[in-house]
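Trainee: I have a chain open on my screen. Where do I begin reading?

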Amino acid sequence: MSRLLDAKKNSNESQEELSLRPQTLDEYVGQKDLKANLKVFIGAALHRDEPLDHILFYGPPGLGKTTLAYVVANEMHANIHFVNGPALEKPGDLGAILSNLNKDGGDILFIDEIHRLPRIVEETLYNAMEDFKFSVVINRDTSARTLTIDLPPFTLIGATTRAGNLSAPLRSRFGISEKLSFYDIDECVAIVKRTAKVFNTTIEDAAALEIAKRSRGTPRIANRLFRRVRDFANYAGEDHITINDALQALKALKVDELGLDDVDIKYLKTIIERFKGGPVGLDTLASAIGEEIDNLEDVYEPYLLQIGMIDRTARGRVATEKAYKHLKIGHQTTLF
């Protein structure tokens with residue numbers, strides 16, 4: 001069962017990843033309105049000496065939902081226990097985690113990909129969230145009985161890229177629901193510079209800006225691109241990252257000036273060249289380019305929609321005029 005638990009010290013993430021995470025809301029870059037709300041909720045809970053209400057963070061991947069969960073735990077001076085939703089296969093798995101919470105209360109249970117919780121596990125979670133009681137049925141025959149365990153007060157933080165996939169009963173039990181939005185260029189620049197400082201690396205402002213512009217408004221991508229640019233600079237024997245280092249690395253990585261990679265380009269060209277600009281259904285499009293539907297819908301499409309490269313219609317995906325111009329492809333008018 002220890003594989004299900006992941007406190008901060010025992011995280012399966014590398015120490016390098018953990019070092020990039022801010023420890024407080026003041027250190028956390030971006031999400032200004034969300035942070036302002038969290039400061040109020042956390043401050044009020046600490047003033048009352050109560051656990052924080054249950055929180056749901058949702059939005060595209062890589063925007064900092066997990067990081068925020070750790071920040072909230074740190075601000076609340078609480079222990080955090082981490083588990084992925086799909087790992088909770090049966091109610092007993094959840095019970096084992098809940099029984100390990102601090103008896104004095106105040107611990108935080110963070111469930112990532114909470115939309116993928118099995119329904120039978122989700123239903124046992126309701127009572128735990130509302131009344132801090134865990135109930136499980138023993139012996140599902142004529143001698144069946146319900147065992148109820150009292151739990152210490154705790155805070156559940158759920159993270160999901162698909163808030164719409166959460167059942168209404170589960171969603172309604174979160175007292176705080178916050179959406180994470182894409183980051184602007186200045187915020188991404190600040191993230192790149194902070195990451196460079198963590199890695200004891202100096203970087204030109206122009207290089208930081210170039211990485212930020214291609215990070216798709218996503219901190220995870222900004223940090224990943226910085227690491228790869230640093231690799232190119234270090235390979236050349238340099239410890240200082242220049243704009244030339246950044247441009248050379250990003251060109252080798254095939255990340256264009258808007259942050260589009262090979263999959264994005266293939267996605268757009270397939271709509272334009274094979275399906276005459278659309279509309280085309282997501283299932284058909286995914287099969288045509290050899291990508292998973294969920295991967296396209298959760299990872300690639302949110303950004304393409306954000307920058308106006310595609311439209312979603314009732315009949316499928318359509319490439320916009322902006323996509324034609326970016327790919328330098330002549331636009332042929334089609335009749336829908």
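Mentor: We will go from the whole chain to single residues.

Trainee: What is the average pLDDT of the chain?

Mentor: Start with confidence, as this is a predicted model. The average pLDDT is 88. A score of at least 70 is reached by 90% of the residues. Residues 1–13 fall below 50. In the model, that stretch has 25 contacts beyond near neighbours in sequence.

Trainee: How many helices and strands does the chain have?

Mentor: Count 14 helices and 11 strands. The chain holds 336 residues, and 47% of them count as buried. Now look at contacts with a separation of 6 or more: 69% of them join residues 24 or more positions apart.

Trainee: Let me try strands. Which strands pair with β1?

Mentor: Look for bridges on either partner. Strand β1 covers residues 55–58 and pairs with β6, residues 155–160. The sense is parallel, over four bridges. β1 also pairs with β7, residues 176–179. That pairing is parallel too, again over four bridges.

Trainee: Next, a side chain. Is H81 buried or exposed?

Mentor: Compare its accessibility with the cut-off. Buried means under 20% relative accessible area. H81 has 12%, so it counts as buried. H81 belongs to strand β2, residues 80–84. Its side chain makes a polar contact with the side chain of D107, at 3.0 Å.

Trainee: How far does α7 reach from its first C-alpha to its last?

Mentor: Check the span against the count of residues. α7 runs over residues 185–198, which is 14 residues. The helix reaches 20 Å, close to the 20 Å expected at 1.5 Å a residue.

Trainee: And its ends? What does D184 reach at the start of α7?

Mentor: A side-chain oxygen of D184 comes to within 3.2 Å of the backbone nitrogen of D186. After α7 comes N200, with a positive phi near 55°.

Trainee: Which peptide bond is cis?

Mentor: Read omega. From G278 to P279 the bond is cis, with omega near 5°. P279 is in the loop between α11 and α12.

Trainee: Is V280, in that loop, buried or exposed?

Mentor: V280 has a relative accessible area of 3%, so it is buried. Its loop joins α11 (262–274) and α12 (282–289). Leave aside neighbours within four places in sequence. V280 is then in contact with I271, F275, L285, R315, G316 and R317. For distance along the chain, take T313, 33 residues from V280. Their C-alpha atoms are 9.3 Å apart.

Trainee: One last residue. What does L304 touch?

Mentor: L304 is in helix α13, residues 293–306. At 0% relative accessible area, L304 is buried. Not counting residues up to four places away, L304 touches L260, D264, Y267, L268, M309 and I310. Now pick R216, 88 residues away along the chain. The C-alpha atoms of L304 and R216 are separated by 9.2 Å.

Methods. Residues are numbered from 1 along each chain as its sequence is written. This is a predicted model: local features need pLDDT of at least 70, side-chain atom pairs count only at pLDDT 80 or more; totals for chains, interfaces and linings use all residues. Side-chain values use heavy atoms; hydrogens and water are left out. Two strands pair if DSSP finds at least two bridges between them. Helices (H or I, at least four residues) and strands (E, at least two) are DSSP runs, numbered from the N terminus. Buried means under 20% relative accessible area, exposed over 50%, partly exposed in between (1.4 Å probe, protein chains only). A polar contact is a pair of N or O atoms within 3.5 Å; within protein, one must be able to donate a hydrogen and the other to accept it, and residues adjacent in sequence count only if both atoms are side-chain atoms. pLDDT is the predictor's confidence in each residue, from 0 to 100. Contact means heavy atoms within 4.5 Å. The expected span of a helix is 1.5 Å times one less than its number of residues.
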